[in-house]
Amino acid sequence: MPWLWASVRSNPHNIDAWTTAIFVATDAMKNRVLARRILDEARAKNPQSIELAYTEAHFIYDGGKGDLAAAKAAFVSARDMALRLCDGNPENLSETDRWHYRFVLNFLRELERPSVK
């Protein structure tokens, strides 16, 4: 993890380094507390990042085991941020942001299904 810390310290807007650090903390280290701290710092330094907003919502969702109401609210927040940043036209987003926006919409559709509480 030291190389990831060095990367985000040298460039706090390196979203790939932040998301990699979150992934390593969550999946490789199985340390959700550390992952949450990294995510909070990443979001604080990059409040307009659609990718980090999606990552946070996905983190809360936790494969369907997390707080689904909180996850839904986070996905709605990510969707609304994306729409604000593109003046309501997702085609104005970068390719990466459009990709994350589509994932946000897919999760929202899943969470709004009657079988998902």
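How many nonpolar, polar and charged residues does the lining of the largest pocket have by class? The lining has 5 nonpolar, 6 polar and 4 charged residues, where Ala, Val, Leu, Ile, Met, Phe, Trp, Tyr, Cys and Pro count as nonpolar, Asp, Glu, Lys and Arg as charged, and the others, Gly among them, as polar.

The model is a predicted one, in which local features need pLDDT of at least 70 and side-chain atom pairs count only at pLDDT 80 or more, while totals for chains, interfaces and linings use all residues. Residues are numbered from 1 along each chain as its sequence is written, and side-chain values use heavy atoms, with hydrogens and water left out.

The largest pocket holds about 330 Å³ of space, and of its 15 lining residues I22, F23, T55, H58 and F59 lie nearest its centre. The elements that give two or more residues to this lining are α2 (15-28), α4 and α6. A pocket here is an open set of points on a 1 Å grid over the protein atoms alone, where a 1.4 Å probe fits, with protein on both sides within 12 Å along at least five of seven lines, and lining residues have an atom within 4 Å of a point; the volume is the space filled by probe spheres set on the points, which are joined across faces, edges and corners. Helices are DSSP runs (H or I) of at least four residues, numbered from the N terminus.

The loops complete the picture. Most residues other than glycine have a negative phi. K30, in the loop between α2 and α3 (32-45), has a positive phi of about 55° although it is not a glycine, and K30 is exposed at 65% relative accessible area. D62, in the loop between α4 and α5, likewise has a positive phi, of about 50°, but at 24% relative accessibility D62 counts as partly exposed, the class in between buried and exposed.

Methods. Buried < 20%, exposed > 50% of the residue type's maximum accessible area, 1.4 Å probe, protein only.
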